[in-house]
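Subject: Structure handover

Hello,

Here is the structure I said I would pass on. Please open it before you read further, and keep it on screen while you go through the notes.

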Amino acid sequence: MPGALSGFKVVDLTSVVMGPYATQIFGDMGADVIKVESPQGDIMRHMGATRGPAMGPIHLSVNRNKRSLVLDLRQPAAHAALLRVAGDADVFVHSMRPDAIERLGLGYEAIAAVAPDIIYCGAYGYGKSGPYALEPAYDDMIQGMCGLADSNKYLAGEPRFTPTIVADKVAGLSIAYAVLAALLHRQRTGEGQSIEVPMFESLASFMLVEHLWERAYDPRHGAVGYPRVLSQLRKPHRTLDGFVCVLPYTDRNWRDFFALAERPELAVDPRYATTAERSKNYETLYQALGDIIATRATATWIGQCRARSIPIAPVNSLQDLFEDPHLQAVGAFIRAPHPSEGDITQVRPPVNFSKTACAITALAPGLGEHSHAILRQAGLSDAAIAALAATGATVGGAPGAPGASIQRSRDIDRQEGPV
């Protein structure tokens, strides 16, 4: 069954996580994603313990369903080769700063000259029209600048980074939806276009969905920041033998919870009777909730609350995810043999399509694994490719190499199952 993007070609000049996460989504949806790397490779190839050279665990996690093409774009012949590769592409994505991509001669105008209907996406740290446009941007910087790190001071007593690279991944999702929308526009009109996806603006927008709060009113009505999620008491609550996440949400949920807790006085307390009143009294409400939860065991609370449709969940560790019965039931994890790394674990795409299923058809490529094949498809002769290799402008992908991706696809299908 072909994926939703089967037949689309994506030229991917991104690195680290933000861009690769987005382009992997395209690959999972069936696009032919060509990952263009320097001879040193994406930095994520070299982070973490590896079995083989330049095959780090994060690279394995965000670069499946791609082909690797090595080009030293500082060399004119490699630059010309990339333009040949991009000539029939549908999408061109890069994550360089605006000045750097222009210095390489790979701005929108240069790519549109060879592919007039291209969807060209610049994944930047900051929008090109702002004063930060040329500043470097990584997840830590953006977490700090967008208010996320500061918001953690309400919980930790000082600014803290959230322990996941949330800025990279949220911006990656922004790239994915923006490119897909532009492809839809092109289908309707025939027009290509340039897209700008800046991390800072993406995360500021993300943070202010709820934290704009009373600043939503103009003139300014009140404070910024959603009090419920900034409360130190909004946290997993300790039980007699562990922790649970519990959130009575509706008026009925709270009435049922207070009845279950045998606290009838709270059920009639006007501070907690309605959503509007509860929103003014989160501190005392969550203090009472924590005191109540501490009186019974985890399994007891989960059983009693679920029986009354009161939202509750256990607190999983990262390791617990691999044993979670729901994730096991939906086949969230697969184990598959990688040609150079042995058996590896992958997380399946989380979305399901009834007609155009996502699929893992190839595991993350070795550096330059497909260089020769891609350049040959772009019209370069074996002699021209050999000349590029002789100067170090490309590496990898010997002529006549077997279809490793096709074989890996079959292997993955055979090996899927619990990890």
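This is a predicted model: local features need pLDDT of at least 70, side-chain atom pairs count only at pLDDT 80 or more; totals for chains, interfaces and linings use all residues.

**The whole chain**

The protein chain contains 20 helices and eleven strands. Its C-alpha trace spans about 85 × 55 × 40 Å along the principal axes. Of its 419 residues, 44% count as buried. If you take the contacts between residues at least 6 apart in sequence, 69% of them join residues at least 24 apart.

**The nonpolar cores**

How many residues does the largest nonpolar core have? It has 36, and the ones with the most contacts inside it are Phe-26, Ile-142, Ile-175, Val-179 and Ile-195. Several elements each supply at least two residues of this core: helix 1 (18-28), helix 9 (166-189) and helix 10 (199-211), together with strand 4 (91-94), strand 5 (119-124) and strand 6 (193-198). Helix 9 gives the largest share, ten residues. Another core, of 28 residues, lies apart from this one, and its members include Leu-73, Val-85, Ala-89 and Ile-118.

Setting aside neighbours within four places in sequence, Ile-195 is in contact with Ile-119, Tyr-120, Cys-121, Gly-122, Ala-178, Val-179 and Ala-182.

**Helix 1 and helix 9**

These two helices pack at an angle of about 45°, and their axes are 7 Å apart. Helix 1 and helix 9 are therefore oblique to each other. The crossing of helix 1 past helix 9 is right-handed.

Which residues meet here? From helix 1 they are Met-18, Gly-19, Tyr-21, Ala-22, Ile-25 and Phe-26. From helix 9 they are Asp-168, Lys-169, Ala-171, Gly-172, Leu-173, Ile-175, Ala-176, Val-179 and Leu-180. Sorted by class, the contact of helix 1 with helix 9 has eleven nonpolar, two polar and two charged residues.

Helix 1 is mostly covered, with ten of its eleven residues buried. Those ten are Met-18, Gly-19, Pro-20, Ala-22, Thr-23, Gln-24, Ile-25, Phe-26, Gly-27 and Asp-28.

Asp-28 deserves a separate look. Not counting residues up to four places away in sequence, Asp-28 touches Arg-64, Asn-65, Pro-349, Ala-357, Cys-358 and Ala-359.

**Helix 12 and helix 15**

The second pair is helix 12 (residues 251-260) and helix 15 (residues 282-293), which pack at an angle of about 40° with their axes 11 Å apart. Helix 12 and helix 15 are therefore oblique to each other. Here the crossing of helix 12 past helix 15 is left-handed.

On the helix 12 side the contact is made by Trp-254, Phe-257 and Phe-258. On the helix 15 side it is made by Leu-285, Leu-289, Ile-292 and Ile-293. By class, this contact of helix 12 with helix 15 has seven nonpolar residues, no polar ones and no charged ones.

**Backbone details**

Some background for this part: most residues other than glycine have a negative phi, and most peptide bonds are trans.

- Val-16 is not a glycine, yet its phi is positive, near 65°. Val-16 lies in the loop between strand 1 (9-13) and helix 1.
- Trp-213 is not a glycine either, and its phi is positive at about 45°. Trp-213 is in the loop between helix 10 and helix 11. At 31% relative accessibility, Trp-213 counts as partly exposed.
- The peptide bond from Asp-218 to Pro-219 is cis, with omega near 5°. Pro-219 is also in the loop between helix 10 and helix 11 (227-230).

Regards

Note on methods:
Residues are numbered from 1 along each chain as its sequence is written. Side-chain values use heavy atoms; hydrogens and water are left out. A nonpolar core is a set of buried Ala, Val, Leu, Ile, Met, Phe, Trp, Tyr and Cys residues joined through side-chain atoms within 4.5 Å. Buried means under 20% relative accessible area, exposed over 50%, partly exposed in between (1.4 Å probe, protein chains only). Helices (H or I, at least four residues) and strands (E, at least two) are DSSP runs, numbered from the N terminus. Contact means heavy atoms within 4.5 Å. Axes are lines fitted to C-alpha atoms, for helices over the stretch in contact, and angles run from 0 to 180 degrees between N-to-C directions. Angles under 35 degrees count as roughly parallel, over 145 as roughly antiparallel, 65 to 115 as roughly perpendicular and the rest as oblique. A crossing is left-handed if the near helix is turned anticlockwise from the far one by less than a right angle, and right-handed if clockwise. Ala, Val, Leu, Ile, Met, Phe, Trp, Tyr, Cys and Pro count as nonpolar, Asp, Glu, Lys and Arg as charged, and the others, Gly among them, as polar.
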